[in-house]
Amino acid sequence: MNPKLPYVLLVGAAVLIFILSCMLLSRGGRSPSCESQPSVVEKTGSMSQSLVFADLTAEEMSQVVRYLQGHLGVPLVDASRAKPSDNCIASVDLQVPGKAEVLRFLDGGGARPPREALAVLYFGKQAEPNITEYVVGPLPTPAYHRDVTVHKYGGKVPYHRRPTLGSEYRQLGVFLETKAFAAAPTFLQEVLEYDRTNVAFQATVPHGFQSGDRVTWFVLFQNVSGFFLHPLGLEVLVDHSSLEMSQWAVSRVFYNGQYYRDMAQLESAYVQGRISVEKVRKAPWDGDFSSMKPRAPAAALFPLQFEPQGPRYSVRKNHVLFQAWSFAFGMSVSAGLRLFDIRHKGERVAYEISVQEALSVYGSNCPGGMSTRYMDGSFGLGRYTSPLVRGVDCPYSATYVDTHSLSDSLRPRQRKASLCIFEQNLGSPLRRHYSNLQSLYYGGLVNSALVVRSIATVGNYDYVWDFIFYQNGAIEGKVQATGYPSSSFLHGDGLRYGNRLWEHTLGTIHTHFVNYKVDLDVGGVKNSLVAHDMAFEMTRAPWSPEQQIERPRLTKKVLDTEDQAAFRLQSKMPRYIYFAANSKNKWGHQRGYRIQITSFAGDHIPESSSMERAISWARYQLAVTQRKEEEPTSTSIYNQNDPWTPTVAFADFINNETITNEDLVAWITAGFLHIPHSEDIPNTVTVGNSVGFLLRPYNYYDLDPSIYSHDGVFFTSEQDFTACEINPLACLPKAASCLPNFSPFTYDGFRNM
């Protein structure tokens, strides 16, 4: 036996014991998984009461469809395959009850308002085709319907104002491919290498120049990823005003700076060599420069937020509780995200805060671009709310909510994870002070806020809609714009209308405007509007009369009428403007909520424009009016296709009525000018493209309510700030040492397309 063998075995055993010990210690020292603690939430609302604002369920929508099919006495075709000459249900949404009725229920012990739906129907198969709106109820078992069209709009809504169904766009695509393009086979084959699959269309709106028009420019792009940046130089104007598709016709054609009567004239000019051809290099399927595929390999993971003791908010159906806040949320099929019955410390501060409209006005030297004025509510900011990607669109651990809509179909559509709610540590103090004079101490509060978010993808643009609730009683409404810029084919004097983004791509100048409805109820329903600002005054120094001092002083003014409270877009507005209650705080000041707007808006379309009244809400950065049930929204889905005779003209809301001690609504407009530039390739970033408003308590409380937050930190030089009972931050190594329970990644955005 080798005498060294026992020593070798002993050394080997020691090494093995050491390795096993390390493994056991490593396993035993692994951080435990985070476990939710019982939430301490102030009881400031009732989940069952909030259901009065809840979106329709899928089953309720189906019940409405079945009721209408059985009680209107006319055949209803599925909108997904309807022709313009058919009758169909365009959409079904919640009919929000009247405010007085809701408040009697919420505050006065009154009966629960009946649950009703609003159905929009297109009647194309009638002697006088029209759009009709019905209120259907009570849900979940409908027993009645009533036509509310005349009551809402003063008459029947003409059929040409109807928002274009997806089926009509598909029918127009078939018309272009089978009828229009058949007249120019040589041009399409040799110039565009057209094979019926390699071209994408983008339609422009509004459809023409006067009421009754339904003519649309179709801009052709290469059918690749990010096609919005690949124009081909060909645009076709189609007249589809007739309800008989056989009567549709090409009205004009545009190619590379020249106009032609129709496709046949374009073909003839090309064959005869009378066209200046600008052949576009064929892009690969991924779009090349327009591809959003990362150009760098994966590296270290980006920072993540997690909740070491679980969410500090609760979401039950459509009701949210967060610290001192409570509110109900919903999703309008046309206007998108909306909140109701917003309360802080148990007291209602706003009845409704909702998105109204998103508008873009484009410039170009191509016909499609220069005539584009998108009113996205007509397409559906709620309808096109997109499924959210966990970890990018919202924090990975956010609460994700499914929503439902019924439009362009007889069946409801579920949008998985289309709304998210999360608490966010903003990485900065909400307030703080470090004292090194007299006494030595530090006091601060982390700025942690609750965010409610949805993202609407309407064509090329993605709008990130946020409502944010802060611990000091402030609410922020914010929208961030991203997605692809729209583009035109670069030719001639195109650089007057934007920047060159690629070889043939002109990023076209355009404006963005968004409009919000804010129904504040500060200390009750009745409020007044007050403006505070500053002015310098000259005075003699009392202790030295020969010296002069310029000192700022407070200016105060009550704005008595709607005309006084309508502030034009670029005009100077009082820097402190607030809804004032009929009650006072401890210090004798009227309790109030201040409106503060963040906006970098471009210019509004000239009021001399024949279509301006349809978007007249954009004249004003702020307009405060009496709240009226007959003025529920600042616009209408029917304004897009007939802006020359608008169904709702916001300018008519402002008629110099008194706004002193009345139920008031603030209509807020924010926006920015976008001149696309090379850094918008492959697409636009949210940085710098964020606008909105803040609602801030102004003498509403006796002191900052966030002083009562559990998140506060305070310690002095004489205290042991490493002790948990003195400083909660000292507990973090223990309290936040757990591992977050991240659920497996899923995404349903590509299902049921």
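Visitor: What is the order of the strands in the open sheet of three strands, and which pairing do they have?

Guide: In this predicted model, the order is S22-S24-S23, and the pairing is antiparallel. Strands here are DSSP runs of E with at least two residues, numbered from the N terminus, and two of them pair if DSSP finds at least two bridges between them. Residues are numbered from 1 along each chain as its sequence is written, side-chain values use heavy atoms without hydrogens or water, and local features need pLDDT of at least 70, while side-chain atom pairs count only at pLDDT 80 or more and totals for chains, interfaces and linings use all residues.

Visitor: What makes S23 and S24 a pair?

Guide: Four bridges join S23 to strand S24, residues 505-508, and because the rule asks for at least two bridges, the two strands pair. Gly 498 stands opposite Thr 508 in S24.

Visitor: Why is one side of S22 and of S23 left without a neighbour in the sheet?

Guide: Strand S22 (487-489) and strand S23 (498-502) stand at the edges and each has a single partner strand, so one side of each has no neighbour in the sheet.

Visitor: Why is the pair of Trp 325 and Phe 469 called edge-to-face?

Guide: Rings of Phe, Tyr and Trp (its six-membered ring) pair if their centres lie within 6.5 Å, and planes under 30 degrees apart count as stacked, over 60 as edge-to-face and the rest as tilted. The centres of Trp 325 and Phe 469 are 5.1 Å apart and their planes stand at 65°, so the pair is edge-to-face. Trp 325 lies in strand S13 and Phe 469 in strand S20, so the pair ties together parts that are 144 residues apart in sequence.

Visitor: How do you know whether Trp 325 is buried or exposed?

Guide: Buried means under 20% relative accessible area, exposed over 50%, and partly exposed in between, with a 1.4 Å probe and protein chains only. Trp 325 has a relative accessible area of 1%, so this residue is buried. Phe 469, at 0% relative accessibility, counts as buried too.

Visitor: What makes Tyr 516 and Phe 693 an aromatic pair, and of which kind?

Guide: Their rings are 4.8 Å apart from centre to centre, with 75° between the planes, and the pair is edge-to-face. Tyr 516 is in strand S25 and Phe 693 in strand S33, 177 residues apart.

Visitor: How do you know that the charged end of Arg 591 sits over the ring of Tyr 700?

Guide: A charge sits over a ring if NZ of Lys or CZ of Arg is within 6 Å of the ring centre and within 35 degrees of the ring normal. The charged end of Arg 591 is 4.0 Å from the centre of the Tyr 700 ring and sits over that ring.
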